[in-house]
Amino acid sequence: MSAMDQDIQENRISLVPIDGEHADDNTCCTFAIQHEDHTMGGILRYIIGKNPDVLFCGYNLPHPAEDVMHFRIQTNGKITAADAFRKGLDDIVEMTEHMSAEFSKQAHGTGFQYVPSYDL
């Protein structure tokens, strides 16, 4: 089970209903992500925004009292917004794994001991 599938099952990620012309369109979606802020929003917006099939990608934090981030994606129709979202999350995981491996490789032989922690 992927991290995104687990987060969806734990109700950390849900779809925000959309009214208007894109109500039944799966190329334009707003995701509500619980317990995330600008740290994840900025990274996710940058990575997803680099996808050539994404026309719009942005996020906001509706209110300081709400622990939720709204993340909106609109694609050109070649992929769904959910697919763009999933690819962005997968790309972030791949990027951090690469960075961790490079860090470990560079730190090897310097006396620095790196102990990876995945308990976030």
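Where is the place of Asn51? Asn51 sits in the loop between α2 (38-49) and β3 (54-60), in a model that is predicted.

Among the elements of the protein, β3 has the highest mean pLDDT, at 96, while helix α1 (residues 3-9) has the lowest, at 57.

Asn51 is counted as buried because its relative accessible area is 13%, which falls under the cut-off of 20%. A polar atom of the Asn51 side chain lies 2.9 Å from the backbone nitrogen of Asp53, and, when residues up to four places away in sequence are not counted, Asn51 touches Ile79 and Lys87.

Strand β4 (residues 68-75) is joined to strand β2 (residues 28-34) and also pairs with β3, as set out below.

| Strands | Sense | Bridges | A bridge pair |
|---|---|---|---|
| β2 and β4 | antiparallel | 7 bridges | Gln34 and Val68 |
| β3 and β4 | antiparallel | 6 bridges | Val54 and Thr75 |

The buried residues of α3 are Ala81, Ala84, Phe85, Gly88, Leu89, Ile92 and Ala107. An α-helix has 3.6 residues a turn, so residues three or four places apart point the same way.

How values were computed. Residues numbered from 1 in each chain as written. Predicted model: local features only at pLDDT ≥ 70, side-chain atom pairs only at ≥ 80, totals over all residues. Heavy atoms only, no water. Helix = DSSP H or I, 4+ residues; strand = E, 2+ residues; numbered from the N terminus. Buried < 20%, exposed > 50% of the residue type's maximum accessible area, 1.4 Å probe, protein only. Polar contact = N/O pair within 3.5 Å; in protein donor to acceptor, adjacent residues only side chain to side chain. Contact = heavy atoms within 4.5 Å. pLDDT = per-residue confidence, 0-100. Pairing = 2+ DSSP bridges.
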